[in-house]
Amino acid sequence: MIVQGPDASQRPYSDVVQVFERNTLALPPLRAYLAELLDRRAFLVELARAEVRGQRSSTFLGELWSLIDPMFQALVYYLLFVVIRGGSGGGRATEFITAIIGSVFLFNYTRISISEGGRSILRHRGLVLNAIFPRALLPMAEVYKGFRSTLPAFAIYLVIHLAMRAPVTQAVFLIPLLLVIQTVMNLGLALLLSTATAYFNDVANLLTYILRLLTVATPVMYPVSLLTPALRGVLAWNPLFALFAAYQAIITGEAPAFGLILQSMVWATVTLVVGVWLFLRHERSFGIHI
Amino acid sequence: MAIEVDGVSASYHLRVGRAAGWWGLRGLVSSDGAGRREVRALRDVTFAVPKGTVLGVIGRNGAGKSTLLRALSGILAPDEGRIIVRGRISPLLSVGLGMQGDLTGRENVRLGALAFGHDPLELPGLEASIIEFAQLGEYADFQFRTYSAGMRSRLGFAVAAHLDPEILLIDEALTGGDTKFKAKVEEKMFQLCTDGRTIVVVTHGLSLVREIATAALWLHQGQVREYGDPDEVVSAYMRYCRIEEAELAAVDDD
């Protein structure tokens with residue numbers, strides 16, 4: 001069945017040719033995909049920014065909450081670990097409070113990446129079903145959002161750290177490197193989990209428990225030195241363990257063992273590779289499943 | 001040819017309520033288990049659209065019209081067959097469906113344009129003309145969920161029409177909006193289709209198809225029932241509607 005078309009010669013068409021066939025789960029050409037992501041980076045930034053504004057716009061204090069939230073969080077941990085536990089003879093806890101507050105803030109970045117990034121495909125169902133763009137922008141935007149919204153907390157932490165006269169050593173120069181490692185890991189987790197939730201909505205419910213488990217299995221609220229070697233061996237299988245052990249060392253004024261940094265690099269790479277592989281293979285099928 | 005559709009079948013996976021049997025575990029072990037159902041929305045669809053065509057897609061609700069648009073844009077991968085699209089295709093489909101409720105109309109416009117790959121520097125001008133076309137006024141900075149159905153569809157059409165794709169896909173163009181805006185939409189469509197653009201419009205407005213389409217496609221239960229001259233296809237469709245279910249003649253809303 002062919003329909004005769006009108007004269008289309010006035011309009012030059014670009015030479016874009018797209019072929020759509022059954023999704024064979026093959027990886028798209030990575031270089032082209034990456035170029036397209038870079039091309040649309042403005043979309044990513046705008047999406048993250050608009051979402052933060054959207055979430056805050058219904059509150060009276062608006063943007064101020066990004067400062068108030070971490071302050072309250074710090075206060076709660078101070079009450080819990082210094083006033084309550086410290087009073088019952090936990091002197092080490094008093095020393096350790098800066099490490100707890102700092103680690104909690106750093107963990108927030110990963111928490112947002114997992115909980116928001118992991119739900120990103122489902123939550124943007126409307127966009128996924130009605131607009132064309134590289135889907136990886138959605139989980140990436142959430143990771144970016146996580147970083148942006150954790151920045152004020154880092155500033156607050158700096159003040160707390162200095163006010164508590166916590167130690168500062170040369171190891172602080174490692175923090176940017178650790179943040180890069182954490183970002184790579186967060187991206188991997190967001191890609192992996194958002195693929196899983198697109199296929200099995202149930203995973204979205206599981207995310208809450210995965211996060212709780214990770215909060216306990218990661219040295220956020222306890223010193224690594226407290227763990228028995230056997231327990232450490234088990235927890236080392238948590239991809240976040242080495243990274244947060246390294247953060248903890250730096251915050252408490254020690255130099256992190258090189259092994260910890262290497263370990264977190266390996267975990268971050270593995271997570272990203274698995275996440276990218278899963279996501280890119282399945283993204284063309286998201287429309288069928290969500 | 002701008003679009004070639006060759007033997008395309010497409011389906012959705014629907015989760016139908018609570019999975020039965022073994023407390024839902026059966027749905028986990030077999031993909032065709034009780035919890036999921038595959039809905040075949042398109043079955044062996046074949047047609048070709050030359051460049052510069054204005055194609056009106058008609059058919060009853062659930063005939064597969066929206067699925068066809070999703071398949072053409074690459075949002076939904078076909079199960080079988082192949083679609084070849086030549087030219088930059090419009091990135092946004094349904095009127096309003098891709099918009100996000102907690103964001104303002106303006107933010108949604110920006111996101112749509114950026115997703116299409118527009119230069120961020122050109123954004124302010126584009127944004128202004130879209131908002132003006134959609135007659136949003138001060139509502140542009142209100143959250144999208146506060147919009148009326150008419151405002152939603154006005155904004156959706158305005159975005160799709162302003163992104164300047166070579167192949168424009170429009171879903172349910174005339175379901176919302178008042179008479180005045182409908183006239184504006186028709187005028188815009190005339191303007192868009194005079195400059196050699198390929199347009200695929202899904203609509204229940206049969207008179208629109210007769211007036212501006214150069215070809216029409218009638219989908220019935222996921223299959224092509226007729227394809228060709230818009231007058232003939234629309235007449236055949238209207239005959240069918242009258243014969244099969246007299247009350248469905250009301251579909252032609254004009």
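In this predicted model, helix 2 of chain A buries F43(A), L44(A), E46(A), L47(A), A48(A), A50(A) and E51(A). These buried residues pack against two partners: helix 7 of chain A and helix 3 (105-115) of chain B. Helix 2 of chain A itself has 16 residues. From its first C-alpha to its last it reaches 23 Å, close to the 22 Å expected at 1.5 Å a residue.

Now take the partner in chain A. Helix 2 covers residues 41-56 of chain A, and helix 7 covers residues 137-163 of chain A. Their axes come within 8 Å and cross at roughly 55°. The two helices of chain A are therefore oblique to each other. Helix 2 of chain A passes helix 7 of chain A in a right-handed crossing.

Which residues meet there? From helix 2 of chain A come F43(A), L44(A), V45(A), L47(A), A48(A), E51(A) and V52(A). Helix 7 of chain A brings L137(A), M140(A), A141(A), Y144(A), K145(A), R148(A) and S149(A). The residues of this contact divide into 10 nonpolar, one polar and three charged.

T146(B) sits in the loop between helix 4 (123-133) and helix 5 (149-162) of chain B. Is T146(B) buried or exposed? It has 11 other C-beta atoms within 10 Å. A residue counts as exposed at 12 or fewer, so T146(B) is exposed. T146(B) can also be placed relative to T198(B): the two are 52 residues apart in sequence. In space they are 33 Å apart, C-alpha to C-alpha.

Definitions and conventions
Residues numbered from 1 in each chain as written. Chains lettered and ligands numbered in written order. Predicted model: local features only at pLDDT ≥ 70, side-chain atom pairs only at ≥ 80, totals over all residues. Axes fitted to C-alpha atoms, helices over the stretch in contact; angles between N-to-C directions. Helix = DSSP H or I, 4+ residues; strand = E, 2+ residues; numbered from the N terminus. Parallel < 35°, antiparallel > 145°, perpendicular 65-115°, else oblique. Left-handed = near helix turned anticlockwise from the far one by under 90°. Contact = placed C-beta atoms within 7 Å. Nonpolar A, V, L, I, M, F, W, Y, C, P; charged D, E, K, R; others polar. Expected span 1.5 Å × (residues − 1). Buried ≥ 20, exposed ≤ 12 C-beta atoms within 10 Å, placed from the backbone.
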